[in-house]
Every structure is written in structure tokens, then in C-alpha cells.
Amino acid sequence: MPITPSERPATLIFDGDCGFCTTAVLWLERTMPRVPATAPFQWTDLAAFGLTEEQARSRVWFVVGSRRYGGAAAVAALLRGQPIPALRALGWLAVLPPWSWAAEAGYRLVARYRYRLPGGTPACRMPRPA
């Protein structure tokens, strides 16, 4: 019997070919009190999560039940689920304008230059939009 979205554990889906992304996930696993299951998109049945490969290549995804959060919203959702009040507050601020605009701009900046960040390699470079 297949697992329904509501039965599936919360999952953080990331680019497993990117050294920076892998380093960031390992850091989260070491430092965050609550970390969901993590899965490189390359080894994940994306359709089961309602995602396409193009979506998975473009940003990190946090999937909780049938809800999907991508990019800065994924980071904010992850923070909102933490037991530390300051992290939860930061997660809520990150979805309210004007902070949400800054969070999304910051996420896009990090994603664009992730190949230059710690753990990054030239293989981490995001594909340019067609």
C-alpha cells in the first residue's frame, strides 16, 4: 500500500550533486534541534512529493504532508518547526513583507553563487535560465 502525503515524514529535498548544498544540510543536521528527513533530489521519487526535476534543480524543498515550500520559504518553514523560540520567530518573520522580500533575495543570491561558498565547487553552479 503506498504512503499518502500525510503519512510521509517531513522531508528536506536538496541538490545532492552540489557540495555547498550537501555541506549546508550536514551543518543543519549537526546544529538544528529538529531536522527533518533529508534527501538528495537525485535519489528521490520526486513525483511522490509532487515535484518535477526542474523544480528540484532550481531550489531546496521542504515537504510536510501535502504542503511544499521552496527556496526561502523552505528555510522559513524549517525554522518555524524548531523548539527554540528565537528560531521560530525568525521563521515567521521570514514570511512577512518586507522581510520575506529580503529572505527571497538572499536565497537567490546564495543559490546563484553557491559554487563560490564553503563546500562549493564549479559543479555547484546553477544552470542559467533558457
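Predicted model: local features only at pLDDT ≥ 70, side-chain atom pairs only at ≥ 80, totals over all residues.

**Cysteines, fold and selected residues**

Let me begin with cysteine 21, which is buried, at a relative accessible area of 14%. By buried I mean under 20% relative accessible area; exposed means over 50%, and partly exposed is what lies in between, with a 1.4 Å probe and protein chains only. Residues are numbered from 1 along each chain as its sequence is written, and side-chain values use heavy atoms, with hydrogens and water left out.

How many disulfides does a search of the whole structure find? The search returns 0 disulfides. Cysteine 21 belongs to none, and its nearest cysteine sulfur, in cysteine 18, is 3.3 Å away. A disulfide is a covalent bond between the sulfur atoms of two cysteines. Here the criterion is a pair of cysteine sulfur atoms within 2.5 Å. Cysteine 124 also has cysteine 18 as its closest partner: the two sulfurs are 3.2 Å apart, which is too far for a bond. Cysteine 124 is buried as well, with a relative accessible area of 0%.

I turn now to the overall fold. The chain has 5 helices and 4 strands. These are DSSP runs, numbered from the N terminus: helices are H or I with at least four residues, and strands are E with at least two. In sequence order, the elements follow the pattern β-α-β-α-β-β-α-α-α.

As for dimensions, the C-alpha trace spans about 40 × 40 × 30 Å along its principal axes. The chain has a radius of gyration of 15 Å, in agreement with the value near 14 Å that a compact globule of 130 residues would have. That radius is taken over C-alpha atoms, and the globule rule is 2.2 Å times the number of residues to the power 0.38.

Of the 130 residues, 35% count as buried. The accessible surface of the chain comes to about 8,100 Å², and carbon and sulfur atoms account for 63% of that surface. Accessible areas come from the Shrake-Rupley method with a 1.4 Å probe, and for residues only the protein chains shown count as cover.

Contacts, meaning heavy atoms within 4.5 Å, also describe the fold. Among those between residues at least 6 apart in sequence, 56% join residues at least 24 apart.

On charge, the chain has 15 positive and 8 negative charges, and their mean positions are 10 Å apart. Lys and Arg count as positive and Asp and Glu as negative, with His and the chain ends not counted. Each charge is placed at NZ of Lys, CZ of Arg, CG of Asp or CD of Glu.

Why is helix 3 described as largely enclosed by the rest of the structure? The reason is that 7 of its 9 residues, within the stretch 72-80, are buried. Those buried residues are Ala72, Ala74, Ala76, Ala77, Leu78, Leu79 and Arg80. Their cover includes helix 1 (19-31), strand 3 (61-64), strand 4 (67-70), helix 4 (85-93) and helix 5 (99-112).

Beyond its neighbours within four places in sequence, leucine 78 is in contact with Leu28, Arg34, Pro36 and Phe62.

Finally, a few other positions. Glycine 50 sits in the loop between strand 2 (37-40) and helix 2 and is partly exposed, at 36%. Not counting residues up to four places away in sequence, glycine 50 touches Gln55 and Arg68. Serine 58 lies in helix 2, residues 53-58, and is partly exposed at 37%.

Which peptide bond is cis? The bond from proline 97 to proline 98 is cis, with omega near 0 degrees. Proline 98 is located in the loop between helix 4 and helix 5.

Alanine 123 belongs to the segment after helix 5 and is exposed, with a relative accessible area of 60%. Alanine 123 and aspartate 17 are 106 residues apart in sequence, yet their C-alpha atoms are 7.5 Å apart in space.
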